[in-house]
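Subject: Structure for you to look at

Hello,

Here is the structure I said I would pass on. Please open it next to this email and follow along.

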Amino acid sequence: MTENKPIVVAVDGSDASTTAVNWAARAAAIRGLPLRIVTVVHIPAFYYSEPYLAQSFHEEMKATACDRLDNAAVLARQIIDENRHGNVEVTTAQLEGKVVPTLIAEAERADRLVVGSRGLGEVKGLLAGSVSTAVVSHATAPVVVVRGRTLDGAPPAEGPVVVGVDGSVSCRDAVEVAFEEASARGATLVAVNVWSDVSVQPSLGAVPEDPHWSRIQTGEEIVLAERLAGYQERYPDVTVERVVARDRPVRVLSEYAEAAQLLVVGTRGRGGFKGLLLGSTSNALIQTADCPVLVVRSKETED
């Protein structure tokens, strides 16, 4: 029997990382996966000029990290019990090294890597915005950046799962992950394909009734249908809503995120004016979306 990979969540003692633990614990409960809570202890190089200070600082950071992990584990077990999955294994680990490489290494053994959108900074903590961006860019596992609205400190647990879809290779894995998440959560899946074309500009008098606009719209509806083909048969419990819109991807996906419990995107897309899952799009969404964002790096496009 193949061992289930854990959901790994990184903590640093900030409010953002506490929200990330909340999301990760519920995800582990509803998917029946182990939960691994990690924190990273990193001693800046300048401390080593004074060995005594370095040792003292190291011991202090390790003690703080231990308390941080204990608190996170208590919260995680409480959330797992609330979701009636008391048999989910929860483990903790205190790691040493530079934050980004350490988390990227953790991702290699994870089902999902979960981080907060903001933290205490690299010296005191680990979930600064720059850290989450770097991890999203290089981790091999899907990365969840927990951000956006909360209710009593918890991320949204209601609403649809939204997935950005285009004709790129990158979005194939994103679509599969989105169906998996929607099925586990009992949520509707909203599949959104956003297109743009310089030849169809409302500011230049173009309207949806124009033949060229209509041809592009029909083509994008076909792209969306092709990307969803097969998954609805594999996940018959998932209700799918299809959206094809002419606009900017970030704007449309951000609007849908306002009512969603999860937004799923790929790391890069088709490029040019038609691209949906560009690096710039996913990066913008992990900074601005009003719900957790799950970024899926395609296995076929890994560097």
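Helices (H or I, at least four residues) and strands (E, at least two) are DSSP runs, numbered from the N terminus. The expected span of a helix is 1.5 Å times one less than its number of residues. The model is predicted, so local features need pLDDT of at least 70 and side-chain atom pairs count only at pLDDT 80 or more, while totals for chains, interfaces and linings use all residues. Residues are numbered from 1 along each chain as its sequence is written, and side-chain values use heavy atoms, with hydrogens and water left out.

Helix 1

Helix 1 covers residues 15-31, which makes 17 residues. From its first C-alpha to its last it reaches 25 Å, close to the 24 Å expected at 1.5 Å a residue. Of its 17 residues, 14 are buried (buried means under 20% relative accessible area, exposed over 50%, partly exposed in between, with a 1.4 Å probe and protein chains only).

Two strands pair if DSSP finds at least two bridges between them. By that rule, 10 strands form an open sheet with mixed pairing, in the order 3-2-1-4-5-10-9-6-7-8. Strand 3 (90-96) and strand 8 (240-246) are the edge strands, and each pairs on one side only. On average, neighbouring strands of this sheet are turned by 20° against each other, direction ignored (axes are lines fitted to C-alpha atoms, for helices over the stretch in contact, and angles run from 0 to 180 degrees between N-to-C directions).

Now follow part of that order. Strand 5 (residues 143-146) pairs with strand 10 in the antiparallel sense over 3 bridges, and Leu294 in strand 10 is the bridge partner of Val144. Strand 10 (residues 293-296) is covered on both faces: Val293 and Val295 lie on one side, Leu294 and Val296 on the other, and all are buried. Strand 9 (residues 262-266) runs parallel to strand 10, joined by 4 bridges, with Leu263 opposite Val293.

Why is strand 9 described as largely enclosed by the rest of the structure? Because 5 of the 5 residues of strand 9 are buried. Leu262, Val264 and Gly266 point one way from strand 9, and Leu263 and Val265 point the other way. Strand 9 also pairs with strand 6 in the parallel sense, over 3 bridges; there Val163 stands opposite Val264. Strand 6 (residues 161-164) is in turn joined to strand 7 (residues 189-195) by 4 bridges, and these two run parallel. Gly164 faces Val192 in strand 7.

A loop residue

Most residues other than glycine have a negative phi. Asp152 is not a glycine, yet has a positive phi of about 55°. Asp152 sits in the loop between strand 5 and strand 6 and is exposed, with a relative accessible area of 81%.

The largest pocket

On a 1 Å grid over the protein atoms alone, a pocket is an open set of points where a 1.4 Å probe fits, with protein on both sides within 12 Å along at least five of seven lines; lining residues have an atom within 4 Å of a point. Grid points are joined across faces, edges and corners, and a volume is the space filled by probe spheres set on the points. The largest pocket holds about 380 Å³ of space. It is lined by 18 residues, and Asp111, Arg112, Ala141, Pro142 and Lys299 are the closest to its centre. Helix 5 (residues 170-185) gives the largest share of the lining, 4 residues.

Regards
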